[in-house]
Amino acid sequence: MNQYDDLSEYLLRLGDSAVVQGQRLCEWCGRAPALEEEMALMNVGLDLFGQARNWLEFTAERLDDGRSADQLAFCRDERAYRNLLLVEQPNGDFAVTMLKQFFYDAWHYHVLTALKASSDKRVATIAAKALKEVTYHLRRSSDWVQRLGDGTEESHDRMVKALDVVWRFTVELMAGDEVENRLAAAGVIAAPELIAEQWLATVSQVLEQATLTVPPAAPSFYLSGREGMHTECLGVLLAEMQSLQRAYPDAVW
Amino acid sequence: MSEWTLFEVFVRSKHGLNHKHVGSVHAADTDMALENARDLYTRRSEGVSLWIVPSNMITASATDEKEALFDPSDDKVYRHASFYKLPDEVGHM
């Protein structure tokens, strides 16, 4: 088929964001604040890797250039990665981790809900399966944002600081590009403006319940994850994630 | 974490069966306890329904009363329905 077209490009974005967010969650393994929380974080990470596999396998089939889903994940450099800048940001403290997760989940939830009705049947099927998982992710991260924002003085302060660190990266959740506009016109995905509207509504509601102030829309940023222009954080993350594959190419158990 | 409450977790493995005690979780409140229980005890398709109960709400029989409470039933075999001949029509029981 060898189609490096808008859809393949968009599938990479979905898959890559899931991989990178999953990898960030893995960093909490052995370090989470409670055993229960650790299991929960790893469950979310595993869900995301499963979803990434579905998206990247579909991408690999479409590209048909000899690369497998694994190779797409483990053999591409940061310039070829299409993930959101938000998910590659360091975990910071638990407030930053949960706020990032929440912003991503809220976006992910609305994106997948719309993709369930995609004109592409395979996309719709993958989205429907992923949406069940993401509905729970959103419930969990919303709860945490509310607990921490409306918790103790310290947890509130940390959430305020987290908001200050993370908010600038939400600009990508609020605006589409040419690729997405064309796919939306073809009925494959929802219009980026619609997702932006829904995302902001969900985020505003939860932040309000968390006694946090919704900042004004983030101004445009000089980097763009979907164009492969990443912050310095992604290279380090990929270096660790891909180290085994790089040292022992095609190693098997 | 030290301020979290201990909850007992009960899972119903399928419709029509009883909820069964499977273990416990720590959580700040009942909402979080349900989520933690979901993540700890149903990740391999173990359940269709969850109950969580604050551990301190459970009244348990005392260990040192074990003999008085339970030993007397040991020699009352007639309480088992094992002295009746089952008619063949009853089948498995």
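**Reading helices and a chain contact in a predicted model**

Q: How do helix 1 and helix 8 of chain A pack, and at what angle?

A: Two packed helices are described by the angle between their axes and by the distance between those axes. In this model, which is predicted, helix 1 (residues 6-26) of chain A packs with helix 8 (residues 178-185) of chain A at an angle of about 115 degrees, and their axes are 10 Å apart. Angles of 65 to 115 degrees count as roughly perpendicular, and therefore helix 1 and helix 8 of chain A are roughly perpendicular to each other. The crossing of helix 1 of chain A and helix 8 of chain A is left-handed.

Q: Which residues make the contact between helix 1 and helix 8 of chain A?

A: Helix 1 of chain A contributes A:Asp6, A:Leu7, A:Glu9 and A:Tyr10, while helix 8 of chain A contributes A:Val179, A:Glu180, A:Arg182 and A:Leu183. An α-helix has 3.6 residues a turn, so residues three or four places apart point the same way. By class, this contact of helix 1 with helix 8 of chain A has 4 nonpolar, no polar and 4 charged residues.

Q: What span should helix 2 of chain A have?

A: At 1.5 Å a residue, the 29 residues of helix 2 (residues 35-63) of chain A should span 42 Å, and the end C-alpha atoms are 41 Å apart, which agrees. Helix 2 of chain A is followed by A:Asp64, whose phi is positive, near 50 degrees.

Q: How many residues of chain B are in contact with chain A?

A: In chain B, 12 residues are in contact with 9 residues of chain A. On the side of chain B that touches chain A, strand 2 (19-27) and helix 1 (30-41) of chain B each supply at least two residues, and helix 1 of chain B gives the most, with 6 residues. The residues on that side of chain B divide into 6 nonpolar, 2 polar and 4 charged.

Methods: Residues are numbered from 1 along each chain as its sequence is written. Chains are lettered from A and ligands numbered from 1 in the order in which they are written. This is a predicted model: local features need pLDDT of at least 70, side-chain atom pairs count only at pLDDT 80 or more; totals for chains, interfaces and linings use all residues. Two residues are in contact if their C-beta atoms, placed from the backbone, lie within 7 Å. Helices (H or I, at least four residues) and strands (E, at least two) are DSSP runs, numbered from the N terminus. Ala, Val, Leu, Ile, Met, Phe, Trp, Tyr, Cys and Pro count as nonpolar, Asp, Glu, Lys and Arg as charged, and the others, Gly among them, as polar. The expected span of a helix is 1.5 Å times one less than its number of residues. Axes are lines fitted to C-alpha atoms, for helices over the stretch in contact, and angles run from 0 to 180 degrees between N-to-C directions. Angles under 35 degrees count as roughly parallel, over 145 as roughly antiparallel, 65 to 115 as roughly perpendicular and the rest as oblique. A crossing is left-handed if the near helix is turned anticlockwise from the far one by less than a right angle, and right-handed if clockwise.
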